[in-house]
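Notebook open, viewer open. I want to go through a sheet, then a helix pair, then the confidence values.

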Amino acid sequence: MSGSTPPSPTHATAAQPRHALRIFLVWLVLSAIATPLVYLVLGPHLPPGGMSDSAASQQFDMKVLTAIATPVVLFIWTYFGYALIFFRSQRGVIEDGPPIRGNRVFQAGWLGITTALVLFLFGFGTYELIHPAGAGAGEGPNPIWSPVSSSSTKPLEVQVIAQQWQFTYRYLNAGGFETTQLYLPVDRPVVFHVTSLDVIHGFWAYQLGVKADANPGVDNVAFTTPTQLGRFEVRCSELCGIWHGAMYNNGYVVSAGAFSQWLTKEQQRHAPDLPLLPPAAPYYNPGAGGGFYGSGQEPNATATPSPFPSSVTSPAGS
Amino acid sequence: MALDITSSPAGDGGTLATGGVPAARRTRNDWLRPNVLWGLVGAVIGYAIGHWAGNAIAHNWQQVQGSDQNNVSLVLGYLVGSVGFLAGLGIVNYPLAKLVGRQPPAPEEAQPGLGKFFRYTLDHKVVGAQYLVAMILYFMVGGLFALLFRTELLSPTSHVITPDAYIELVGMHGTMMMMMMTSAIIGPFGNYLVPLMIGSKRVAFPRLEALSLWLTPAAFVVLLSGLLIGGFPTGWTGYAPLAVQATQGMDSYLVSFGLMALSLLFGAVNMAATIISHRAPGMTFGRLPIFVWAMLSTASIMVLAVPVLFAGLYLMLMDRTWQTAFFTWQHGGSPYLWENLFWFFGHPEVYLLALPSFGILAELLPVFARKPAFGYRTVVAGLIGVGVLSFFVWQHHLFMSGMNPDMRPVVMLTTELISVPTGIVYLGAIGTLWRAKIRITVPMLFCLGLLFNFLLGGITGVFISDVPADTTLHGSFFVLAHFHYTIMGGYMFGFFAGVYYWFPRFTGLQLSEKIGTWHFWTMIVFFNSTFLPLFAVGLLGQPRRVFEYQHRLQGLNDWATISAYLLGVSLLIFLWNIVWTTAIKNRPSSMNPWHSLGLEWTIPYPTPLENFDRVPVVLSSPYDYGVPDRPPVAVVPEPVGVGCGPALSDPVREEDQHG
Amino acid sequence: MAEHSVSDGRSGAAAATPTSVQDVPVHAVVDEQAFYARAQANASWAASRMFVAIGATVYGALVFSYFYLRSLDSNGLWHQPSQHPPILLSVVMLGLGVTSSLLFVWATRRLRAGRRGVLDWGVASAITTGVLALTVGLSIWQLSRLPFAPGDSGYASVFVGTEVVTIGMLLIELYQIETVLARSIRLRGVLSPGGDAADSSEVMAFRLAVDAASLFAGFMAIVLVGVFVLFYWVS
C-alpha cells in the first residue's frame with residue numbers, strides 16, 4: 001500500500017504550482033484582447049446590418065451577445081487547454097489523481113455567475129425586444145409593442161400575402177392594390193401585415209431585420225422603420241413545399257419622393273385588377289367567396305383597431 | 001467466436017425471469033423458429049390485409065375518389081404490416097397467450113452463434129447489441145441522405161436533383177436523425193449497461209424492451225417506403241397545413257414516427273422501472289452512476305413528452321384519413337395547434353438527445369482523469385433540472401409565428417435559464433479534470449470533442465433564445481448549425497465515445513486505438529469544417545431547407561459540402577475500425593481495458609446470461625479514484641449463511657499492491 | 001511502466017479491504033428469490049403508474065386541443081349548437097363504462113382485503129368485461145352515425161378524435177381485465193383459499209396484474225367522466 005497512497009491534499013497543494021492563478025491570468029489576457037476585437041472589429045460586420053431600426057437593434061444585440069460569449073468560450077478553451085497540457089498522467093502509467101469530490105465555493109460561484117449572466121441576458125433581451133417595437137418579429141394580430149407614434153407621418157401599411165410559392169404585397173394606404181414589387185420609403189415606419197393563403201410561410205426581409213411567419217387565417221403584424229436606401233432580400237423562412245427554396249424576391253428602400261412616384265405608377269398599372277381582388281382584409285379564405293383568392297375575413301375579435309376597413313378607402317399615398 | 005456476446009451455459013435459461021417463465025425449449029429447426037425473415041413475411045401479409053381492408057372501408061369516400069389516393073388503406077397497411085412483422089418475430093404470442101390465461105411461452109433463449117441477433121430475445125445484452133447495430137445503420141443511412149442533398153447545394157442555381165427529391169431527402173434526413181436516433185444511446189448503452197451498472201441480473205420488463213427494439217426496424221422501413229410514394233415535403237417538423245395538403249408520403253412519416261414514439265415509450269418505461277426497482281443492495285441513489293441518472297432523467301422526460309407527440313401524430317393522421325379538421329383553420333382548427341403539440345414534444349426531444357451524451361461524458365471523464373466525479377450531486381441535479389426545464393421552453397420555436405407575443409420574455413427567460421443546468425455539465429468536467437491524471441484515449445478524445453462542440457452549440461443557443469437576435473437567426477442555417485453542433489457534435493460524439501469505451505464490454509474486443517484516433521481527428525476536423533461555415537451562411541441570410549440560395553454564399557456552401565463528404569469518409573474509417581477489429585484482427589481485449597471502477601467492468605467476458613452469479617452488494621461509489629482505503633465497488637455475497645464472498649475485481653487496487 | 005495485469009476478480013484482492021467487507025450487513029446477503037420478487041413488484045407498481053401517466057398525457061394533449069381551438073374559435077367554427085352527439089346514448093355509455101370500471105376496482109379492493117374469495121372477484125370481472133365490450137360497441141356505433149361530419153367544426157374534430165382514443169383506451173382496459181380474469185380461471189386451484197403455493201411467483205404475477213388493471217380501470221372511470229363533462233357540459 002505504501003507507495004501508492006495518494007499524496008495528502010495539503011502536501012499536494014504546496015508542491016503544485018498555482019494553476020488557478022495561471023489559468024486566470026491567461027484567460028484575462030486573452031479576453032482583454034479578444035473581447036474588444038470582437039465587439040469593435042467583428043461587431044459592425046455582424047448581420048443584419050443597419051438598414052432599419054430593427055436591423056440595427058438586432059446587430060447591436062448580437063454584438064453584445066458575442067462580446068459576452070467571447071470570454072466564456074475563452075475561459076473554457078483556456079481551462080481545457082491548460083488541463084490537457086499540465087494535468088496529464090505519464091504515458092502508460094495508471095495513477096490516481098487527488099480525490100476531490102467537490103468544492104463548495106467553486107460550485108456556488110459557478111452557479112451564481114451563470115445565473116447572473118443568464119438573468120442579465122434576459123433583461124437585456126427583453127429591453128431590446130420592447131425597445132424597437134418587437135424587434136422586427138411577427139407579433140401576431142394584436143401587437144403589444146408598437147412603434148412610438150412620435151413622428152407626424154402615418155405608418156405605411158403593407159400587407160404581405162404569401163402563397164405557394166410567391167409573395168405579393170398590398171399597399172393598404174393606397175387603395176389596397178396588389179403588386180409583386182416591394183418598395184418602401186426611407187425613414188417612415190412600416191407595418192407589415194403578414195398572412196398566407198395556403199400553408200405556413202415565413203416573410204423574412206433579411207437586411208431589414210424583419211421576420212414574421214405567414215399563417216393562413218392569421219394577420220401577423222411586424223414593425224420596422226427603414227433608415228438606409230438600398231436593396232434588401234425577401235426570402236421564405238418556413239418550409240412551404242417543394243419550391244420553398246425558390247420563393248424569394250428583392251425589395252427596395254427608396255427616398256420618399258421616389259416612393260410616391262412609384263406608388264402612383266403602380267397604382268395606375270394595377271387599377272384594372274382591383275375589382276377582381278377581394279376587399280383588403282386581415283386574412284383571406286380561399287375556399288369561400290367570389291374574389292380572386294376567396295373572400296376577406298374579419299377577425300373574430302381584435303383588441304386594436306384594424307387598419308383594413310378605413311385605409312382601403314383612404315386616398316392614395318396618404 | 002469473439003463476437004459471441006452472451007455466454008450461454010446450457011440450462012441457465014430457465015431462471016432468466018421470475019415471472020414464472022418456463023425453461024427454454026429448443027426443438028424446431030432454427031429457420032422455422034420466429035426470426036426476422038418470418039417477420040418480413042408477416043409484414044408483407046399484414047400489409048396486404050391492411051391495404052385490402054382500407055380499400056374496403058374507404059374506396060367510395062369522397063376524398064379518396066377525388067384525389068385517387070387512399071390514405072386509409074395505406075395507413076392500415078402500414079399498421080397491420082407492422083403487427084405482422086412483430087407477429088413473425090413471435091412478439092405477439094405473449095399478449096395472445098395472456099388472453100386465454102396461459103403461461104406466456106418464453107422465447108427460446110441462449111443459443112450460441114449469431115442467430116439470436118436476428119430474433120426476438122429477452123436478454124437485455126442481446127437487445128443492446130441489436131440496438132447498437134440498428135442505430136449505426138440508421139445513422140449511416142440518414143447521413144447518406146445528407147450527403148445527397150449537400151451535393152445539390154454545391155451550386156446556388158443549377159440542379160443535380162429535382163426540388164421535390166431535394167425536399168424529400170431533407171425530410172428523410174431530419175426525421176431519421178431526430179426520430180430514429182433518439183434511441184442511439186438509451187437503446188444500445190442504456191439497455192445493455194444499466195442492469196450491469198446497477199447490479200441487476202435482468203431488466204424489469206424484457207418484453208417491453210425487446211418490443212421497443214423491434215418497433216424501430218418497422219418504423220425505419222415505413223419511413224423509407226415513403227420515398228417510393230413521393231416522400232413528404234415538410235421536413236421532420238411536419239408543419240400542419242403543408243402536412244395536411246401533402247401526398248401519401250406524409251402518411252409514412254406519421255406512421256413511422258408514431259411507431260417510434262411507441263418504441264420510445266416502451267423503452268423508457270422499462271428503463272425507468274428497472275432503475276427504480278432493480279438496483280442491487282447498497283446501490284443507493286447517491287451511488288448511482290451518473291450515466292444511469294442520465295438514463296433515468298431521459299426516460300422520465302420520454303414518458304411525459306412522447307405521448308404528446310403521439311397524440312399530435314394521431315390528430316394529423318385523423319385529419320388526413322377521417323377528415324377531421326384539427327389543423328384546418330377554415331373549419332375551426334388551427335395550424336398553431338400542431339406547432340404547440342409538436343414542439344411540446346420537440347423541445348424535450350432535443351434534451352432526450354443531449355442528456356444521454358452528458359451521462360456518457362460524466363461517466364467517462366472520471367475514468368480517464370482518474371479522479372472522483374466532481375460535484376456528483378450538483379451534476380445529477382443539473383441533469384434533472386434540464387429535464388424539468390425542458391418542458392417550459394417549447395414556445396421559443398414559435399417566436400416568429402405570431403402567437404402570444406406577451407409570452408416571449410417568459411420563454412426567453414426559461415430558455416436561457418436552461419443553460420444553467422446545462423452549464424453544470426461543464427462545471428463537472430472542469431472540476432473532474434482539475435489536477436487530474438488525464439489519459440488520452442479514443443473515448444476520452446471523443447469526450448473532449450463533445451465538450452468542444454457542445455460549447456459552441458450551447459453558446460449559439462443563447463443567441464437563438466434571444467428574441468431580437470432570433471429575428472434574424474430563426475429558420476436560418478444558423479439554427480441548423482446550432483443544433484448540429486449540439487446533436488451531431490454533442491450527442492453523436494458522446495455516442496462514439498460510448499462505442500469506443502464499451503465495445504470491449506459488448507464484444508470482448510477493443511477497437512483499434514490507432515484507427516480510432518484517425519477516426520476522431522478526421523471527424524472533429526471535418527465536422528467543424530462542415531458546420532462552422534454554416535453559422536456564417538445562416539448569418540448571411542440563407543434560410544433552411546432551400547435548394548437555391550444567394551450567389552454570394554456559394555463559396556461557404558461548397559466548403560461545407562466538400563467537408564461533409566470528408567465527414568462521410570471519417571465515418572467510413574469508423575466502420576473500417578469495426579471490421580478490422582472484429583473480422584480481421586479479432587484479438588480479445590483484457591477484461592477491464594480502461595481500468596475503470598465501474599461495476600459493469602467487474603464481470604468477465606462473455607457476459608454471463610444473468611450478468612452476476614449472485615446479486616452483488618454495492619459498497620462504494622464507482623468514482624472513488626484516488627480515495628485512500630477505498631472499499632471494493634461491490635462484493636458478491638455467498639449464499640445465505642456462509643458470509644461475505646470475495647470482492648469483485650478491482651484492478652487499480654491490485655496494481656497498488658503490485659506497485 | 002506499471003503492470004496492467006487484470007485478474008478475473010476472483011482473486012484475493014478482498015483481503016486487503018477487511019473493514020468494508022465486514023460492513024456488509026447480514027441482511028444484504030441476498031435471498032435472491034425474495035429480492036427479485038420485491039423488485040418485480042416495485043417495477044410493476046412504477047410501470048403501471050407510468051402507463052397511466054402516458055394515458056393522462058395523451059388525454060392532456062386532447063384537452064389542450066379542446067381548449068385551444070375553443071379559445072381561437074377559428075373562422076367562427078369552434079362549435080355550432082346543432083352539432084351534438086345524441087345525449088341519451090352518451091349518458092348510457094358513460095354510466096356503463098364508469099360503473100363497470102368502478103365495479104372492477106371495488107371487487108379488486110375486496111379481494112385484496114381478503115373479504116371475499118376469488119370467485120366473487122371473478123364474477124365482478126366477468127361482468128366488467130362484458131359491459132366494457134358493450135360500451136366499446138356502443139361507442140363505435142355512435143361514431144358511425146354522428147349528426148355531424150368530423151371536419152364540420154373544431155368541436156366535431158376534437159369529439160371524434162377523443163372518442164377514438166377513448167375506444168382504444170377502453171380496449172386496453174378490457175384486455176387487461178380479460179387477461180387477469182383468464183389467468184384467475186387458469187390458476188383457480190392455486191388461488192382458492194385452501195390452495196397451495198400461495199406465495200408462488202404465479203400468484204404474485206397475478207396480483208401485480210390485477211393491481212395494474214385496477215389502477216387503469218380507476219383511471220378510465222375518471223377519464224370517462226372528464227370526457228363527458230368536457231363535451232356535454234362545458235361546451
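I looked up the sheet in chain A of this predicted model: five strands in the order S4-S10-S9-S6-S7 make an open sheet with mixed pairing. Strands here are DSSP E runs of at least two residues, helices H or I runs of at least four, numbered from the N terminus; two strands pair if DSSP finds at least two bridges between them. At the edges I find S4 (182-185) and S7 (210-214) of chain A, each pairing on one side only. The twist averages 20° from one strand to the next.

Next I checked S4(A) against S10 (residues 248-254) of chain A: they run parallel, joined by four bridges. A:Leu184 has A:Val253 as its bridge partner in S10(A).

Then chain B, where I took H10 (residues 249-277) and H11 (residues 290-321): they pack at about 150°, axes 8 Å apart. Axes are lines fitted to C-alpha atoms, for helices over the stretch in contact, with angles from 0 to 180 degrees between N-to-C directions. That makes H10(B) roughly antiparallel to H11(B) (under 35 degrees is roughly parallel, over 145 roughly antiparallel, 65 to 115 roughly perpendicular, the rest oblique).

Last, confidence: chain B has a mean pLDDT (predictor's confidence per residue, 0 to 100) of 87, and 91% of its residues reach 70 or more.

For my records, residues are numbered from 1 along each chain as its sequence is written, and chains are lettered from A and ligands numbered from 1 in the order written. Local features need pLDDT of at least 70, side-chain atom pairs count only at 80 or more, totals for chains, interfaces and linings use all residues, and side-chain values use heavy atoms, leaving out hydrogens and water.
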